[in-house]
Amino acid sequence: TSEGVKFYAESVRMFQGLSNEFDFNIMYSERGQLTLAHTDATVRAFRQRAEVNKHFGGRTEMIDRQQIRELVPSLNLDPGHLPVIAG
């Protein structure tokens with residue numbers, strides 16, 4: 001939701017300044033998150049979520065199997081009956 005994206009962005013902004021505010025190294029470092037899609041329905045939902053995030057200033061992108069393989073080479077993309085199709 002737009003509110004969720006704004007809340008997350010503000011939370012990250014506040015967290016970035018905590019070391020200075022408390023004069024203590026909180027070991028902040030920017031990371032990412034990879035959420036995996038196993039069905040076409042999930043891919044559609046992820047696309048919608050990514051567009052909402054981008055519209056409200058979030059840094060979000062959809063990636064395909066090959067990009068996931070390059071990003072996380074050790075990840076099994078075909079676990080059992082639910083292969084990873086996007087992220």
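Start with everything selected and colour by accessibility: of the 87 residues in the chain, 15% count as buried. Keep in mind as you look around that this is a predicted model. Now switch to the surface. The chain exposes about 7,000 Å², and carbon and sulfur atoms supply 54% of that area.

Go to cartoon view. What is the secondary structure of the chain made of? You'll find four helices and zero strands, so reading from the N terminus the order is simply α-α-α-α. If you show contacts as well, take those with a separation of 6 or more: residues 24 or more positions apart account for 50% of them.

**The largest pocket**

Now bring up the largest pocket, which holds about 1,200 Å³ of space. Its lining has 27 residues. Select Tyr8, Gly32, Gln33, Arg59 and Thr60 to find the ones that lie nearest the centre. Two elements give two or more residues to this lining, α1 (2-16) and α3. Which of the elements gives the most to the lining? That's α1, with six residues. Colour the lining by residue type and you get 11 nonpolar, 11 polar and five charged.

**Gln33**

Stay with the pocket and click on Gln33, one of the residues nearest its centre. Gln33 sits in the loop between α2 (18-22) and α3. Is Gln33 buried or exposed? Its relative accessibility is 72%, and since anything over 50% is called exposed, Gln33 counts as exposed.

**Asn53**

Last stop: select Asn53, in helix α3 (residues 40-55). Asn53 is buried because its relative accessible area, 18%, is under the 20% cut-off. What does Asn53 touch, once residues up to four places away in sequence are left out? Show Val5, Gly58 and Thr60 to see these neighbours.

Terms used. Residues are numbered from 1 along each chain as its sequence is written. This is a predicted model: local features need pLDDT of at least 70, side-chain atom pairs count only at pLDDT 80 or more; totals for chains, interfaces and linings use all residues. Side-chain values use heavy atoms; hydrogens and water are left out. Buried means under 20% relative accessible area, exposed over 50%, partly exposed in between (1.4 Å probe, protein chains only). Contact means heavy atoms within 4.5 Å. On a 1 Å grid over the protein atoms alone, a cavity is a set of points where a 1.4 Å probe fits but cannot get out, and a pocket is an open set with protein on both sides within 12 Å along at least five of seven lines; lining residues have an atom within 4 Å of a point. Grid points are joined across faces, edges and corners, and a volume is the space filled by probe spheres set on the points. Ala, Val, Leu, Ile, Met, Phe, Trp, Tyr, Cys and Pro count as nonpolar, Asp, Glu, Lys and Arg as charged, and the others, Gly among them, as polar. Accessible areas come from the Shrake-Rupley method with a 1.4 Å probe; for residues, only the protein chains shown count as cover.
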